[in-house]
Amino acid sequence: MKIKFLGTSAGWPLPRLGCNCEICKSTDPKDRRTRTQILINESILLDAGPDTYHHLTGDSSPKAQNDRSVDPTKIEAILVSHAHLDHIEGFWDLTHIYNAYKPIPVYIVQSVLNDVRKFIGIHGQNLKTHVVKPNQPFEINHAKVEYFPVIHGKTPAFGIKVKDGPILAYIPDFNKILPSSQKIIRDCHVLIIDGSSLSKIGQTKGHISINDGIQIAKNLRAKNVYFVHIGHKTGTHKFLEEYLRQNAGPSFHIAFDTLELVV
Ligand SMILES: [Zn+2]
Ligand SMILES: [Zn+2]
């Protein structure tokens, strides 16, 4: 399984506009973060936030301007964790992909689709909506995919499990995982999890902190853990990696934009 982290920030990118804090002033490319979005096997897109266009053209890559390592015509499915704008605004741009071989299926839970429609349409000749039920696995190519419910304040929200040999669990925004959902992702190979704040400082109601995430990941016995949705009240990538090394262990990491894993 190939996992590409296209974006790793919380609702607003880093550096924040007008800010001079240590993260926002950092010259490390790993501290430049755009909205959280993941690409699996070059073909399954998880979430569709406002940076989607730049992720799919490669021009948000800190490595190189116009890094064409992502080919939008290869996308075969789009999945959506929930309908907050930092996860769906890119649907506007996704309605115009040229040279795609057929309309791209958007697999989505009904409650999320209802919320998406309040903000933005999923229509146009490039996209086709398929409503799927939580806790009912379906197949995309050879991968088995399943939405599982999580608590994210009052917004209907889901984690996404992808099993393609190894098991990946993606939960960018949540403040609680129900025991029934924990069972589904226990022992997963890669857990991609909410890192909106480091501790209680700056933590908002709908999110866990990185400190909470360490405990949750340990309870789930996740083999490798990558924090995404990194917020402003956290630290530089370098600081956070060291923090995890000391407080969590070698299997815990802070993801960064353009990170690629093969598991
Ligand atoms: Zn979010
Ligand atoms: Zn959210």
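The model is a predicted one, in which local features need pLDDT of at least 70 and side-chain atom pairs count only at pLDDT 80 or more, while totals for chains, interfaces and linings use all residues. Residues are numbered from 1 along each chain as its sequence is written, chains are lettered from A and ligands numbered from 1 in the order in which they are written, and side-chain values use heavy atoms, with hydrogens and water left out.

E1 (residues 2–7) and E2 (residues 37–40) run antiparallel and are joined by four bridges; strands pair if DSSP finds at least two bridges between them. E1 also pairs in the antiparallel sense with strand E14 (residues 260–262), over three bridges, and there Lys2 stands opposite Val262. Five of the six residues of E1 are buried, that is, under 20% relative accessible area, where exposed is over 50% and partly exposed lies in between (1.4 Å probe, protein chains only).

The largest nonpolar core has 53 residues, and Phe5, Leu79 and Phe91 have the most contacts inside it. Such a core is a set of buried Ala, Val, Leu, Ile, Met, Phe, Trp, Tyr and Cys residues joined through side-chain atoms within 4.5 Å. Strand E5 (residues 104–109) gives the most to this core, with five residues. Apart from it lies another core of 29 residues, among them Ala157 and Leu244.

Attention now turns to the metal site. Donors are N, O and S atoms within 2.8 Å of the metal (3.2 Å for Na, K and Ca); water is not among the atoms, so sites may look incomplete. The zinc ion (ligand 1) lies 3.4 Å from the zinc ion (ligand 2), and Asp173 coordinates both.

His152 is buried at 4% relative accessibility, whereas His84 is partly exposed at 28%. His207, in the loop between strand E11 (190–194) and helix H7 (210–219), is buried at 11%. Its contacts (heavy atoms within 4.5 Å) include His152 and Asp173.

Key. Helix = DSSP H or I, 4+ residues; strand = E, 2+ residues; numbered from the N terminus. Lists of a residue's contacts leave out its neighbours within four places in sequence.
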